[in-house]
Amino acid sequence: MSRYDEEAKYDRPKRRTRPRTKDRPSYDDAVIGFVFTRDRGRYACWVEDSDGGREVTAMKARQLGRTGVIVGDRVKLDGNASGDEGSLARIVEVLPRTTLLRRSADDDDPVERPLVANADQLVIVVAVANPEPRTGLIDRFLVAAYDAGMRPLLCLTKTDLADPDPLLSIYRPLGVESVATHQNGDLSSLREQLDDRTSVLVGHSGVGKSTLVNGLIPGADRAIGVVNEVTGRGRHTSTNTLVLRLPEGGWLIDTPGIRSFGLAHVQPDQLINAFPDLAEIAENCPRGCTHTADAPDCALDEAVAEGRADAARVDSFRRLLASREGRELRDATEEAT
């Protein structure tokens with residue numbers, strides 16, 4: 001019979017694979033860890049124990065596939081989670097996140113970049129002088145905090161150089177809390193706001209984030225930069241995200257100086273939900289209302305006219321909405337570079 005005879009029969013080799021099963025490991029004995037850094041596919045996790053806690057190095061298990069693991073994630077660790085030198089555990093599950101701080105590269109990029117998970121508070125560090133405060137980026141940080149479900153806190157630095165009240169007056173209608181500090185000053189008010197919280201520090205380069213970290217956590221040794229006397233701009237001194245344990249309890253996450261913060265992922269309805277009083281009024285808006293000043297028949301305008309809503313608060317909310325526009329991002333970026 002010809003090798004190419006159409007009648008020739010060839011038996012398909014049998015597959016030698018294990019039968020599939022719907023049963024999946026429960027990992028009931030897995031320990032819970034908190035991811036505080038990542039380096040080339042290895043995750044450093046903090047596991048609480050009777051001795052206070054230990055650091056465990058882990059890698060992501062294959063079954064997680066493309067599931068992302070980021071700083072702040074609470075994860076289940078299987079395998080060797082002793083924390084002994086040379087040991088390696090596996091991250092087998094990422095627990096549900098309570099908050100997620102994220103941004104996009106710019107306002108035309110719909111791809112979200114998750115930054116930190118499960119943080120309670122976004123501490124927006126702003127110098128009242130040297131460098132001058134830039135409200136465009138402050139507004140963007142506020143939008144990101146409200147979108148993430150985090151509590152925003154304004155931390156004003158260098159208040160010995162200028163009066164902080166003009167800047168604070170801009171944000172009072174939004175009900176944003178604040179603390180004031182200056183070089184070598186008392187940090188007790190800030191410590192009270194950080195106690196037993198997981199807080200993320202954000203801000204322009206040169207505003208004093210590293211100085212705050214060194215003052216709050218002895219031995220942190222964050223590099224401190226200077227502000228260019230000609231341009232009034234700071235240079236990056238922190239180049240990586242650093243998670244530190246606060247002496248009084250809680251975690252402090254210091255991020256590199258941020259020069260732009262895209263908000264393409266935030267929609268108007270997401271933002272207004274952070275303001276329950278305005279969200280209730282906006283329920284009477286036409287479908288698809290953007291709630292901006294030029295939005296036709298916006299219920300916020302009617303409420304202001306009738307005295308049911310504070311005009312300054314509505315204006316401040318609309319300023320946050322405007323910060324989502326690409327023009328505002330370019331302005332903030334140009335100021336910072």
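**Entry 1: burial and overall make-up**

I began with burial: 46% of the 337 residues of the protein chain count as buried, where buried means under 20% relative accessible area, exposed over 50% and partly exposed in between, with a 1.4 Å probe and protein chains only. I am working with a predicted model, in which local features need pLDDT of at least 70, side-chain atom pairs count only at pLDDT 80 or more, and totals for chains, interfaces and linings use all residues. Residues are numbered from 1 along each chain as its sequence is written, and side-chain values use heavy atoms, with hydrogens and water left out.

Next I listed the elements, and found nine helices and 13 strands in the protein chain. Both are DSSP runs numbered from the N terminus, helices being H or I with at least four residues and strands E with at least two. I also looked at contacts (heavy atoms within 4.5 Å): among those between residues at least 6 apart in sequence, 65% join residues at least 24 apart.

**Entry 2: the barrel**

I followed five strands that close into a barrel in the order β1-β2-β3-β5-β4, with mixed pairing. Neighbouring strands of this sheet are turned by 55° against each other on average, direction ignored; the axes are lines fitted to C-alpha atoms, for helices over the stretch in contact, and angles run from 0 to 180 degrees between N-to-C directions.

I then picked out β1 (residues 31-39) and β2 (residues 42-47), which run antiparallel and are joined by five bridges. Two strands pair if DSSP finds at least two bridges between them. Val-35 has Cys-45 in β2 as its bridge partner.

I turned to β9 (residues 151-157) and β10 (residues 177-180), which pair in the parallel sense over four bridges. From β9 the chain passes through helix α2 (residues 165-171) to β10, a right-handed β-α-β crossover. Right-handed means that, with the strands pointing away from the viewer, the path from the first strand over the helix to the second runs clockwise. In this pair, Leu-153 stands opposite Glu-177 of β10.

**Entry 3: helix α8**

I checked α8 (residues 311-322): its twelve residues reach 16 Å from first C-alpha to last, close to the 16 Å expected at 1.5 Å a residue. The expected span is 1.5 Å times one less than the number of residues. Asp-310 caps the N-terminal end of α8, with a side-chain oxygen 3.2 Å from the backbone nitrogen of Ala-312.

Which elements cover the buried residues of α8? I noted α1 (135-148), α2, α5 (268-272), α6 (276-282) and α7 (299-305) among them. The buried residues of α8 include Val-314, Phe-317 and Leu-321.

**Entry 4: single residues**

I found Asp-254 in strand β13 (residues 251-254). Asp-254 counts as buried because its relative accessibility is 1%. Its side chain makes a polar contact of 3.1 Å with that of Lys-209; such a contact is a pair of N or O atoms within 3.5 Å, where within protein one must be able to donate a hydrogen and the other to accept it, and residues adjacent in sequence count only if both atoms are side-chain atoms.

I also looked through the loops. Asn-130 and Pro-131 are joined by a cis peptide bond with omega of about 5°, and Pro-131 sits in the loop between β8 (121-127) and α1. His-291, in the loop between α6 and α7, has a positive phi of about 65° although it is not a glycine. Is His-291 buried or exposed? I have it down as buried, because its relative accessible area is 3%.
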